[in-house]
Amino acid sequence: MTDKYNVEAAEILANEALRLPISEAVPIYEQLLSTFPTAAKYWKQYVEAHMVVNNDDATKQIFSRCLLNCLQIPLWRCYIRFIRKVNDKRGNEGQEETRKAFDFMLNYVGADIASGPVWMDYIAFLRSLPAQTTQEESQRMTSVRKTYQRAIVTPTHHVEQLWRDYENFENSISRALAKGLVSEYQPKYNSARAVYRERKKYTDEIDWNMLAIPPSGSSKEDIQWMAWKKLLAFEKTNPQRIDSASANKRIVFTYEQCLMYLYHYPDIWYEYATWHAKAGSVDSATKVFQRALKALPDSEMLRYAYAELEESRGAIQAAKKVYESLLGDGSNASALSHIQFIRFLRRSEGVEASRKYFVDARKSPSCTYHVYVAYAMMAFCLDKDAKMAHNVFEAGLKRFMHEPGYILEYADFLYRLNDDRNIRALFERALSSLPLEESVEVWKKFTQFEQTYGDLASMLKVEQRRKEALSRTGDDVTSELESSLQDVVSRYSFMDLWPCSSNDLDHLARQEWLARNINKKPDKPTLGIESGLLRLDKTSSGVSFNTNPPAKVVCPDTSKMMVYDPRQMPGPAPLAAPSTSGTLPYSGPFSSSGPPNSLNDILKSLPPAFAVFVANLPAVEGPSPDADFVISVCLQSNIPSAAGKSGTATLPSQSGPAPSTSDLSDSSKFRSRDRQPGKRKDMDRQEDEVSTTVQSQPLPRDVFKIRQLQKTRVGNSSRVTSSYTGSASYGTALSGDLSGSTG
């Protein structure tokens, strides 16, 4: 497979293996299971292929490899079938082996929500055992009763069926005894049934056919991760209120099942191990970490967590082995592993052991300046040895003079010593050797130092030197050398205190960007300032302006934008009356977007009432119209309704009166089946009276009153059933007399 964890390719290989003889299919199965070691369906397919050809030895070997890591009912039922087949003809000895196999299986997967058939198979097996004497019969019934009593308190899909079978079993033996036993276990069964219903909600969200692959960030993986986390959280609450040992066993089973599908998730392994540690089983936690490192050998996080667990319980040698496994032979060890091992040796074996390892680690090709900084600060903070720390920094300076990060860390150390003389010497040495492109942060640190430790003359001198040095990398040297107000802001700010407002800072950033680009002629329009490309870096003692926009910026085409003219005075435009031909004159909100012909084409495609409404809107050019004025126009507009049998609307002239709601209701063909004509006329007449009353009132200017008016008209219009032939229902509470659609 080109992609090791390609699920589709794995399914193709599995289907191909089904059609091949077992001798040819073995390499395919081994390849699949090396990639997906917890795929129970592939293990089951593999073992069944051997069972078909009666290869018992290979079958036993495969079961020993997969059973304890794949707690899935179909695979375990396959195992019990194999055990029964092998022991079928061995008499009492074979029956005893089968009984032990059933107990072994139920001990591991008996808590599964799908384990109901397993419990039934075991009970059926026990009842089928021969009993030669009364004592054997009594022992058999006792075994069956105990198995039933274990099964009915386990939340499974078949818990209700098992309860009915148990009642029948007890009643078949003794009704008097059954009454007491059933009443004793009835509350336990009720609790198990209630927990089953809750548990089922969580298990239904889980994909039981999912293969364990490394997390890729897909939504399906996230959903499964959340589903398992919810189920684990549910089991940890002990919803059935059983004893702690049984509850912990159920939690362990849930974690083991979860790891079948989230095998490559380090957070699940870590959570599982820490849960064991908190529960008091540190040995189990170490075993989980050991399994986790086999599953994820490249995970440094899990190795550090494992070493931390061993160190916390006093197993220093075990923790040291974990750190040594991180280091390997030393050539491929990371700088972080060197640092953490030095710290571990300092904690566990003392100063000399950590110093000795540091001397060896300096010779490693993977040793970076971080190792020097870490050891120097450890000597300074833990050992209180400033001289040793200073010597380590000086030794590292010979090797890492070209690293700005090391220079800054060394300067911070000297800050703590209040050694301003050596700080200046360090900056001078570093700036004389660093390339200009890498010296920006060092210059910034130098200016901050002078603002804290120097006088005004030294501050101005360093700032001027900084400008001269950094201007060599820019195009406009003169503008870089000029003093600006930003320098004053940088010198006279402290922590989060500024000598100006945020608006002033934005203005300064804008002016700096304009100054840098004043002579540039970009090919495409740039909106860097408006789109927030200027970012202010507010530090504790200065301000820097990032005026370098990203390499790829998507800019809009400003040539197609409409320029807003602030001289446009908002106000009502004259309402043009529609012509007798049904076309509208060229006026309204489309007056600046196209010729009249295209406007009429657009209006013809609209419903007639909506076309009249659009024509009545005032011409607006700008960001937003006056809301009160638009609502007033809507309330005063007379929207025509449909007329005629064809279902098309005609546009009335401006001088003609608008049709009333009652007139429209008489011309409509469609009436409600459960309304009488007399009642409908009374309602229409009442609607006309309310509409006339509201329409004749002067329009309020208060928005709240306008909304109240709208609510009143909507409430009245809701009593009218709307229907319109040939087009969609139209008319709202804002559309004049037609406050509701007519029917």
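The model is predicted: local features need pLDDT of at least 70, side-chain atom pairs count only at pLDDT 80 or more, and totals for chains, interfaces and linings use all residues. Residues are numbered from 1 along each chain as its sequence is written, and side-chain values use heavy atoms, with hydrogens and water left out.

To stay with serine 471, its place is the loop between helix H24 (456-470) and helix H25 (477-481). Helices (H or I, at least four residues) and strands (E, at least two) are DSSP runs, numbered from the N terminus. Serine 471 counts as buried because its relative accessibility is 3%; buried means under 20% relative accessible area, exposed over 50%, and partly exposed in between, with a 1.4 Å probe and protein chains only. Leucine 436 is 35 residues away from serine 471 in sequence, with a C-alpha to C-alpha distance of 9.7 Å.

Turning to the protein as a whole, it has 33 helices and two strands. Of its 743 residues, 40% are buried. Among contacts (heavy atoms within 4.5 Å) with a separation of 6 or more, 57% join residues 24 or more positions apart.

The largest nonpolar core has 150 residues, of which Tyr42, Phe63 and Trp269 touch the most other members. Helix H19 (residues 369-381) gives the most to this core, with 10 residues. Such a core is a set of buried Ala, Val, Leu, Ile, Met, Phe, Trp, Tyr and Cys residues joined through side-chain atoms within 4.5 Å. Not counting residues up to four places away in sequence, the residues that tyrosine 42 touches include Ala10, Tyr29, Phe36 and Leu211.

Phe63 brings us to helix H4 (residues 56-66), where Ala58, Thr59, Ile62, Phe63 and Cys66 are buried. Why do they lie on the same side of H4? They cover an arc of only 135° around the axis, which puts them there; the arc is that of the directions from the helix axis to the C-beta atoms. An α-helix has 3.6 residues a turn, so residues three or four places apart point the same way. The buried residues of H4 pack against helix H3 (40-52) and helix H5 (73-86), whereas Asp57, Gln61 and Ser64 are exposed on the face turned away from the buried side.

Histidine 276 is in helix H13 (residues 266-278) and counts as buried because its relative accessibility is 8%.

Finally, two loop residues. Arginine 241, between helix H11 (219-236) and helix H12 (244-261), has a positive phi of about 55° although it is not a glycine. Lysine 384, in the loop between H19 and helix H20 (386-399), likewise has a positive phi of about 55°. Most residues other than glycine have a negative phi. Arginine 241 counts as exposed at 63% relative accessibility, and lysine 384 counts as exposed at 67%.
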